[in-house]
Amino acid sequence: RSIDWNVMARTGKPHVKMYREERDLTVYLVVDDSLSMASAWKGLTKKNKALECAALLAFAAERNTSPVGLISFDRDTGRVFAPKTGRKHIMTVLSDLERRVCSLSGSALSQTLSLSLGVLKNRSLVIVISDFRIAGYEDSLAALARRHDVLAVRLVSPVDFFLPNAGLCPFRDPETGFETAYPTASPSFAQQWEMDAKESVQRWKTTCLKRGALPLVLSVEDDAFTVL
């Protein structure tokens, strides 16, 4: 039944038709809404960039009639939107994400990745949008990547790599509450700050690849449409 008799008659050699099964690609967004995402650089926050990425990806999926789902998280896992098609569903999902206000420290990335694994029954494209300023999620990421195609988008800001000269400046970690002061006027401190940030990003890329996820770094200053 799969032999192409017309081609065989012309060429004198047997040709067999090959078929590729078509299927809907489910797009599932996992979006970080923890306190560290609210840090700003010249008015540009990681949370706003995450919203922009989520909107671009959701509307791109709609053009391909692909179901879109979403789950957001801060210290706890937020509302779960099962994958569906349609503009109304997408607007509901994005509106819920935009209205969320985080006031509690912590990041439930690992728990959210594990929950996503239970929600998605068929192989899907899972896109995790976060600053990944949390540890202990690696095993959950690997488990998710074994069953789904996973793209990890790490949002960064220029302040992650460069601090303005403000003398001895106090800092507070919004996730842990840890407080300290940094000598931002010191050239050696500035050099170490930049080096540590670059090494952190490189370690994260290596971690993603080892766990089966594709890493992508996106700055708050980047054109998200072009990078994605």
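# Reading the labels on helices and residues

Guide: In this predicted model, the axes of helix H4 (residues 109-119) and helix H5 (residues 138-147) come within 8 Å and cross at roughly 25°.

Visitor: Why is H4 called roughly parallel to H5?

Guide: An axis is a line fitted to C-alpha atoms, for helices over the stretch in contact, and the angle between N-to-C directions runs from 0 to 180 degrees. Angles under 35 degrees count as roughly parallel, over 145 as roughly antiparallel, 65 to 115 as roughly perpendicular and the rest as oblique, so the crossing at roughly 25° makes H4 roughly parallel to H5. H4 passes H5 in a left-handed crossing, a name used if the near helix is turned anticlockwise from the far one by less than a right angle.

Visitor: What makes the contact between H4 and H5?

Guide: Ser110, Leu113, Ser114, Ser116 and Leu117 of H4 meet Ser140, Leu141, Ala143, Leu144 and Arg147 of H5, where contact means heavy atoms within 4.5 Å. By class these are 5 nonpolar, 4 polar and 1 charged residues; Ala, Val, Leu, Ile, Met, Phe, Trp, Tyr, Cys and Pro count as nonpolar, Asp, Glu, Lys and Arg as charged, and the others, Gly among them, as polar.

Visitor: How do you know whether serine 116 is buried or exposed?

Guide: Buried means under 20% relative accessible area, exposed over 50%, and partly exposed in between, with a 1.4 Å probe and protein chains only, so serine 116, at 0%, counts as buried. Serine 116 belongs to helix H4, and, leaving aside neighbours within four places in sequence, it is in contact with Tyr28, Val30, Ile71 and Leu144. The C-alpha atoms of serine 116 and tyrosine 28 are separated by 8.6 Å, although the two are 88 residues apart along the chain.

Visitor: What does the side chain of lysine 49 reach?

Guide: The side chain of lysine 49 reaches the backbone oxygen of aspartate 222 at 2.8 Å. Aspartate 222 sits in the loop between strand S10 (214-219) and helix H7 (224-227), and a polar atom of its side chain lies 2.9 Å from the backbone nitrogen of serine 219.

Visitor: How do you know whether lysine 42 and phenylalanine 132 are buried or exposed?

Guide: Lysine 42 has 71% relative accessibility, so it counts as exposed, whereas phenylalanine 132, at 5%, is buried. Lysine 42 lies in the loop between strand S2 (40-41) and strand S3 (44-45), and phenylalanine 132 in the loop between strand S6 (125-130) and H5. Lysine 42 has a positive phi of about 55° although it is not a glycine, and phenylalanine 132, likewise a residue other than glycine, has a phi near 55°.

Conventions
Residues are numbered from 1 along each chain as its sequence is written. This is a predicted model: local features need pLDDT of at least 70, side-chain atom pairs count only at pLDDT 80 or more; totals for chains, interfaces and linings use all residues. Side-chain values use heavy atoms; hydrogens and water are left out. Helices (H or I, at least four residues) and strands (E, at least two) are DSSP runs, numbered from the N terminus. A polar contact is a pair of N or O atoms within 3.5 Å; within protein, one must be able to donate a hydrogen and the other to accept it, and residues adjacent in sequence count only if both atoms are side-chain atoms.
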